[in-house]
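Let's take a walk through this structure together, one piece at a time. Keep the picture beside you as you read.

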Amino acid sequence: MRLEPYLEFAKKAFAREATYRMEVLTEIGALVLRVYILRSLWTALYAQNAAPINLPLHGMITYATVAMLMSLVLEVDGTRLIREKIREGTIATDLMKPISLPLYFFSDGIGQTLLHALLVVPSLFCALALVHIDVPPPPTIVAFAVSFAVGYGVNFFVNFLMNSIAFWTLETFAAQLIVRWASDLLSGQIIPLTLFPGIVGRIVFGLPFAAIYSTPLLIYVGVIPSSQWAAAIALQVGWLAVFALIASAVWRAASNRIVIQGG
Amino acid sequence: MAKRRVLPIVECTKLRKVFRTPKRSPGALGALRSLFSREYEERVAVDAVSFRLEPGELVGYIGPNGAGKSTTIKMLTGILVPTSGDVRVAGLVPWRQRKENARNIGVVFGQRSQLYWDLPLIESFELLRAIYGIRKERYRQNLDEFVEILRLNDFLRTPVRQLSLGQRMRGDFAAALLHGPSIVYLDEPTIGLDVVAKESIREFIARINAERGTTVVLTTHDLADVERLCRRIVLIDRGTLIYDGDVDRIKNEYGKFRTLIVRFSEPVAGPALEGAELVASEDSTARFRFNRNLQRADLLVRQASERYRVEDVSLEEPDLESIIRRIYVEGYRSTASENDA
């Protein structure tokens with residue numbers, strides 16, 4: 001298979017996102033504001049003795065800030081192209097090209113993500129100026145990066161599945177809301193999953209959403225010690241494989257459907 | 001017409017497509033009911049359509065709205081699976097070999113663009129170069145040629161969303177042909193264009209067909225496109241093929257009546273010609289209608305100049321538009337009987 005078209009798709013998506021410069025700048029502004037608010041919130045909560053297990057205030061602020069930076073990349077819905085193209089009917093034109101559509105969507109998503117990843121750098125400095133966050137030793141950074149990359153994959157497939165609903169219903173808004181709420185709460189983006197008590201805690205750690213934010217973040221702040229890195233990342237990879245399988249089955253059914261219905 | 005032994009580039013045999021859609025009962029209760037029990041409605045979009053195209057042909061694929069034209073084109077491009085029947089394009093079964101088939105074809109939709117909306121025109125071309133893996137020299141050569149013929153130079157670096165419809169169509173044509181497809185499907189390529197833009201698009205179609213030998217399937221409601229470009233038309237109505245043959249033949253069969261317009265040097269009261277019927281006469285101009293199968297135009301002209309002092313004559317051919325309109329309304333009949341009438 002030739003990679004060239006897909007590299008080109010990623011480049012075009014990058015350039016397309018870059019044309020909306022204002023949006024990009026407001027995003028950084030909003031992020032800095034959110035980091036500040038979160039710091040105030042957690043500081044107030046810790047003053048009331050709400051410390052989650054194993055996480056001092058400093059670690060908590062680090063967690064919240066890094067989660068915020070990750071969201072710059074993870075909240076890019078690279079596969080929204082699917083539902084847009086289905087609604088506009090332009091998916092028919094794409095099917096008349098000698099390309100694999102899922103790969104096209106994936107590379108377009110990567111292009112968008114890369115642009116947003118660039119935003120992380122200035123945002124990081126802003127965040128560092130505003131709140132002091134811990135920087136762990138290099139091995140932890142590497143484990144975090146690997147875990148983050150796997151989480152990105154899981155997030156991609158979750159979005160892909162959600163947007164693929166459009167093949168059947170055309171409208172995906174309700175499904176998006178549900179998935180969004182669930183993942184905000186259950187992925188560890190807003191509060192560490194270690195805060196969930198007892199049985200609930202065990203359930204949320206067993207859900208796939210934990211693979212997106214929680215695992216890389218808990219590695220970063222040191223709640224998951226180096227002895228458990230391999231197991232934690234292996235679990236993420238397991239989820240990645242499961243979702244990849246479901247997504248490819250759904251795609252097969254969906255593409256048959258377009259072919260039968262006529263786009 | 002001499003029969004040539006050439007392998008057809010497009011071959012449809014008894015092509016049939018039935019759409020199955022869930023039946024919806026009206027009202028809120030009906031909507032609720034259709035959530036649980038699904039009844040289906042069947043609609044035959046294309047029925048037993050057979051035709052074959054030879055390489056290098058330029059064919060008009062004509063029919064009223066909802067006749068099944070787009071459905072046929074979708075089956076030819078491989079994005080729709082026929083319910084039954086066979087379809088082959090350049091030896092491939094399009095829906096089974098979608099990606100391979102895609103390399104052989106180019107598609108232009110008048111109503112929809114395949115260009116990247118937010119990016120300059122040239123970047124869409126670059127993307128297509130990557131998609132089809134067009135070799136650098138060939139890409140350069142094709143691009144230069146299209147930029148020149150279609151005069152794309154002024155807006156090559158303009159984002160597509162800022163282009164006028166005429167400019168966008170020219171861009172779309174270049175995009176569809178950059179990889180040098182052997183067959184192109186044009187779906188209403190001149191819709192919404194002004195006369196000048198229409199003409200330049202028609203010229204371009206004629207040119208790629210003549211110079212590159214590209215097979216062209218042209219779907220359009222503008223029969224001026226067909227008259228200007230096609231020798232052959234395939235007519236489809238309510239999913240069935242009703243005519244396949246020369247444009248001239250259908251004109252002969254349907255447009256038996258031609259009109260001879262004679263301008264006299266001085267007003268003539270009640271002009272008359274044998275073998276022709278006076279349909280209008282005002283001042284010094286008269287219009288005569290005659291059956292082309294029974295009367296020759298040159299004989300009528302001679303007759304007129306023998307009887308009157310004639311300043312000028314002109315001949316009006318039946319136009320395709322009025323003929324096709326009649327066929328849509330009355331249906332196509334074989335004309336053997338009509339010739340006797």
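**A guided walk through chains A and B**

Leaving aside residues up to four places away in sequence, B:Ile191 touches B:Gly110 and B:Gln111. Before going on, please keep in mind that this is a predicted model. Along the chain, B:Ile191 and B:Gly110 are 81 residues apart, but in space their C-alpha atoms are 5.9 Å apart. You can find B:Ile191 in the loop between β6 and α7 (195-212) of chain B. Is B:Ile191 buried or exposed, or something in between? With 16 other C-beta atoms within 10 Å, B:Ile191 is partly exposed; a residue needs 20 or more to be buried, and 12 or fewer to be exposed.

Now step back to see chain B as a whole. Its C-alpha trace spans about 75 × 55 × 50 Å along the principal axes. In secondary structure, chain B has 12 helices and 13 strands. Of the 341 residues in chain B, 34% are buried. Among the contacts in chain B with a separation of 6 or more, 70% come from residues 24 or more positions apart. Chain B is also divided into two domains: domain 1 covers 10-250, and domain 2 covers 256-317. Taken over C-alpha atoms, the centres of domain 1 of chain B and domain 2 of chain B are separated by 44 Å.

Next, look for a sheet in chain B. In what order do its six strands lie? The order is β5-β6-β7-β3-β8-β9 (chain B), and these strands form an open sheet with mixed pairing. At the edges are β5 (105-109) and β9 (240-246) of chain B, each of which pairs on one side only. On average, and ignoring direction, neighbouring strands of this sheet are turned by 15 degrees against each other. Strand β6 of chain B (residues 183-187) runs parallel to strand β7 of chain B (residues 215-219), and five bridges join the two. To pick out one position, B:Asp187 stands opposite B:Thr219 in β7(B). Across β3 (58-62), β5, β6, β7 and β8 (232-237) of chain B lies helix α2 (residues 69-77) of chain B, which runs at about 155 degrees to β6(B).

Let's move on to where the two chains meet. How many residues does each chain bring to the contact? Chain B gives 24 residues and chain A gives 21 residues. On the side of chain B that touches chain A, at least two residues each come from α2, α3 (98-104), β5 and α4 (121-132) of chain B. The largest share of that side, five residues, is supplied by α4(B). By type, the residues on the side of chain B that touches chain A are 13 nonpolar, four polar and seven charged.

Crossing over to chain A, find helix α7 (residues 138-164) and helix α11 (residues 214-221) of chain A, which pack at an angle of about 175 degrees with their axes 8 Å apart. Because of that angle, α7(A) is roughly antiparallel to α11(A). On the α7(A) side, the contact includes A:Phe144 and A:Phe148, while A:Ile219 and A:Tyr220 are among the residues from α11(A). The residues of this contact are six nonpolar, four polar and no charged. Helix α11(A) is mostly covered, with eight of its eight residues buried. After α11(A) comes A:Gly222, which has a positive phi, near 90 degrees.

Back in chain B, strand β11 (residues 277-282) is hardly covered: of its six residues, the count of buried ones is zero. Five bridges join β11(B) to strand β12 (residues 285-291) of chain B, and the two run antiparallel. One bridge partner pair is B:Glu277 with B:Arg289 in β12(B). Together β11(B) and β12(B) form a hairpin with two residues between them, and B:Asp283 in the turn has a positive phi of about 50 degrees.

Our last stop is another helix pair. Helix α9 (residues 247-254) and helix α11 (residues 320-330) of chain B pack with their axes 10 Å apart, at an angle of about 70 degrees. That angle is why α9(B) is roughly perpendicular to α11(B). The contact is made by B:Val247, B:Ile250, B:Lys251 and B:Tyr254 of α9(B), together with B:Leu320, B:Ile323 and B:Arg326 of α11(B). These residues divide into five nonpolar, no polar and two charged.

Technical notes
Residues are numbered from 1 along each chain as its sequence is written. Chains are lettered from A and ligands numbered from 1 in the order in which they are written. This is a predicted model: local features need pLDDT of at least 70, side-chain atom pairs count only at pLDDT 80 or more; totals for chains, interfaces and linings use all residues. Domain bounds come from an automatic or database domain assignment. Two strands pair if DSSP finds at least two bridges between them. Helices (H or I, at least four residues) and strands (E, at least two) are DSSP runs, numbered from the N terminus. Axes are lines fitted to C-alpha atoms, for helices over the stretch in contact, and angles run from 0 to 180 degrees between N-to-C directions. Two residues are in contact if their C-beta atoms, placed from the backbone, lie within 7 Å. Ala, Val, Leu, Ile, Met, Phe, Trp, Tyr, Cys and Pro count as nonpolar, Asp, Glu, Lys and Arg as charged, and the others, Gly among them, as polar. Angles under 35 degrees count as roughly parallel, over 145 as roughly antiparallel, 65 to 115 as roughly perpendicular and the rest as oblique.
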